[in-house]
Amino acid sequence: MNDIIVAISTALGKGAISIVRLSGKGCIELVNSCFKGKDLTKVLSHTINYGHIVYENNVIDEVLVSVMRAPKTYTTEDIVEINCHGGIAPTNKILEVMVLLGARLALAGEFTKRAYLNGRIDLIKAEAVMDIINSKTEKAREVSVNQLEGRLSSIIRKFRQELLELLANIEVNIDYPEYEDAVDVTISTIHDRVASMKKSLELIVQESLSRQIIKDGISIAIVGKPNVGKSSILNKLLGEDKAIVTDIAGTTRDIVEGSITLNGVALNFIDTAGIRDTSDVVEKVGVEKSIQQLDKADLVLLVLNYNERLTSEEKSLMDMIKNKKYITVINKCDLEKKIDVDLSSLKNVIYTDTVSVDGIESLKNKIIELFHLEELENNNYDIFTNTRQITLAKESLAILEEVKRGIDLNVPVDMIAIDINRMWTKLGEILGENYSDELIDQLFSQFCLGK
């Protein structure tokens with residue numbers, strides 16, 4: 001934490017500008033040593049200064065240098081951002097110069113890690129930064145911004161404060177029973193507060209689980225036998241010719257992917273190889289991959305041919321997906337009916353044809369219905385957004401349940417206080433008030449280098 005870190009904060013490649021960012025005590029002096037322009041050690045904080053980066057009498061690039069002094073910065077340390085011309089060569093050269101002058105290449109996420117360790121943001125907000133960077137839809141961005149603004153953090157801090165006040169009153173009642181001004185904490189008082197908190201936390205967890213698709217999207221596998229029209233359906237859904245379409249069975253031999261946004265949620269479609277017995281080695285590998293996708297998918301689109309009888313492979317597929325969420329797509333409905341199954345007995349049936357986009361809107365509407373996407377129009381985004389947060393919240397609920405059980409069994413108040421203290425600590429883990437170095441290193445290693 002005492003050294004100067006440096007990284008490229010913009011995507012490396014051709015562009016109008018690139019930004020090389022430094023943070024740490026002494027970074028202003030370091031950049032000033034190779035900057036030809038104003039004396040950066042004397043300029044006002046949060047100013048942009050024109051000049052050149054010069055090293056060993058060679059002009060590296062014409063730049064604008066932003067100087068931001070601690071503590072009002074992203075990391076709460078001194079920060080310098082060098083805005084240079086976009087391009088791999090000038091950006092890398094300036095980075096190289098900074099390292100030669102004494103800066104250290106930042107680790108992934110180290111700028112945000114310093115912001116967290118220096119107390120500017122909690123762990124929920126730090127994770128929100130990463131979520132904003134990775135957000136692929138407008139709703140995912142809205143959820144992440146909500147987290148970054150601290151609304152969920154405020155709710156968790158309020159829970160912790162209530163628990164802390166309860167613990168303090170219990171301690172006073174036990175240690176100073178003669179103190180008349182102390183709030184008398186009874187089993188009934190504890191029960192009411194715990195019940196209220198449990199109800200609120202359960203609601204947040206339920207909302208979080210139902211809205212997890214905002215962040216992760218929905219993985220949809222399109223499966224069926226060869227030449228049934230899977231690739232055509234994918235192309236119609238995407239509105240582009242993503243997959244090759246021919247009359248030759250087995251054209252799709254590998255996974256073909258594409259995404260669209262529906263009601264603010266990313267739908268990640270996977271067009272799989274046609275499932276059938278085959279002696280072709282390459283096609284066989286594709287079929288194996290298709291079967292693997294069934295386990296990973298949140299939703300399966302089983303495509304059947306209206307113009308052909310069911311094969312044994314299709315019957316096996318229907319059996320494989322019977323316990324999964326799926327939609328049965330009856331394709332080629334503009335042809336003569338030959339399918340030998342009672343269509344009314346199938347679940348979530350959608351009809352499409354070989355040439356038009358008829359049925360595609362019905363298919364999208366069925367997805368909206370199955371995943372309750374219309375409910376996402378409610379902009380309540382006070383939710384947990386990742387497995388770490390949800391797991392800790394569930395563990396907190398389990399502790400609250402132990403408190404409730406202790407109350408029902410007339411366990412002494414001082415024993416119940418132990419579980420309340422555990423609950424307070426567990427909620428602190430969500431915020432990052434209590435943490436292990438291994439956890440923090442793992443979390444921030446998922447960030448990009450310049451953040």
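Biologist: What share of the 451 residues in the protein chain is buried?

Modeller: Buried residues make up 48% of the 451 residues in this chain, and the model they are taken from is a predicted one. The chain holds 15 helices and 13 strands, and its accessible surface comes to about 22300 Å², of which 51% belongs to carbon and sulfur atoms.

Biologist: Why is Asn83 called buried?

Modeller: The relative accessible area of Asn83 is 18%, and the word buried is used for values under 20%, so Asn83 falls within that class. Asn83 has its place in strand S6, which covers residues 79-85.

Biologist: Which residues does Asn83 touch, leaving aside those up to four places away in sequence?

Modeller: Asn83 touches Ile17, Ser18, Ile19, Glu62, Val63, Leu64 and Ser66. For one of these, Leu64, the C-alpha atom is separated from that of Asn83 by 5.0 Å, although the two residues are 19 apart along the chain.

Biologist: What makes strand S3 a partner of strand S4?

Modeller: Strand S3 (residues 35-37) and strand S4 (residues 47-55) are joined by 3 bridges in the antiparallel sense, and since at least two are required, these strands therefore count as paired. Here Phe35 stands opposite Ile53 in S4.

Biologist: Why is the contact between Asp131 and Lys215 called a salt bridge?

Modeller: Side chains of opposite charge can pair when their charged atoms come close. The closest N and O atoms of Asp131 and Lys215 are 3.3 Å apart, and the cut-off is 4 Å, so the pair qualifies. The two partners lie in distant parts of the chain, with Asp131 in helix H4 (residues 123-134) and Lys215 in helix H8 (residues 212-216), 84 residues apart.

Biologist: What makes Glu308 and Lys225 a salt bridge?

Modeller: Their closest N and O atoms are 2.3 Å apart, which is within the 4 Å limit, so Glu308 and Lys225 are counted as a salt bridge. Glu308 is in the loop between strand S11 (299-305) and helix H11 (312-320), while Lys225 is in the loop between strand S8 (218-223) and helix H9 (230-238), 83 residues apart. Glu308 is partly exposed at 34%, and Lys225 counts as buried at 10% relative accessibility.

Biologist: Which side chain meets that of Arg157 in a salt bridge?

Modeller: The side chain of Glu433 meets that of Arg157, at 3.0 Å from N to O. This pair links helix H6 (residues 151-175), which holds Arg157, with the loop between H14 and H15, where Glu433 lies 276 residues apart from its partner. Both residues are partly exposed, Arg157 at 37% and Glu433 at 41%.

Biologist: How many salt bridges does the rule give, and which residues are linked in a network?

Modeller: The count comes to 27 salt bridges, and Asp3, Glu77, Arg104, Glu110 and Arg114 are linked in a network of them.

Biologist: Why is Tyr435 called partly exposed, and where is Tyr435 found?

Modeller: Tyr435 has 41% relative accessibility, which lies between the limits of 20% and 50%, so Tyr435 counts as partly exposed. Tyr435 is found in the loop between helix H14 (413-431) and helix H15 (437-444). Together with Met1, Leu117 and Leu439, Tyr435 forms a nonpolar patch on the surface, with about 350 Å² of accessible area in all.

Biologist: How many disulfides does a search of the whole structure find?

Modeller: The search finds 0 disulfides. Among the cysteines, Cys27 is buried with a relative accessible area of 0%, and Cys34 is buried with a relative accessible area of 3%.

Definitions and conventions
Residues numbered from 1 in each chain as written. Predicted model: local features only at pLDDT ≥ 70, side-chain atom pairs only at ≥ 80, totals over all residues. Heavy atoms only, no water. Patch = residues over 30% accessible without salt bridge, like charges linked within 9 Å, V, L, I, M, F, W, Y side chains within 5 Å. Areas by Shrake-Rupley, 256 points an atom, 1.4 Å probe, with all protein chains shown as cover. Helix = DSSP H or I, 4+ residues; strand = E, 2+ residues; numbered from the N terminus. Buried < 20%, exposed > 50% of the residue type's maximum accessible area, 1.4 Å probe, protein only. Disulfide = S-S within 2.5 Å. Contact = heavy atoms within 4.5 Å.
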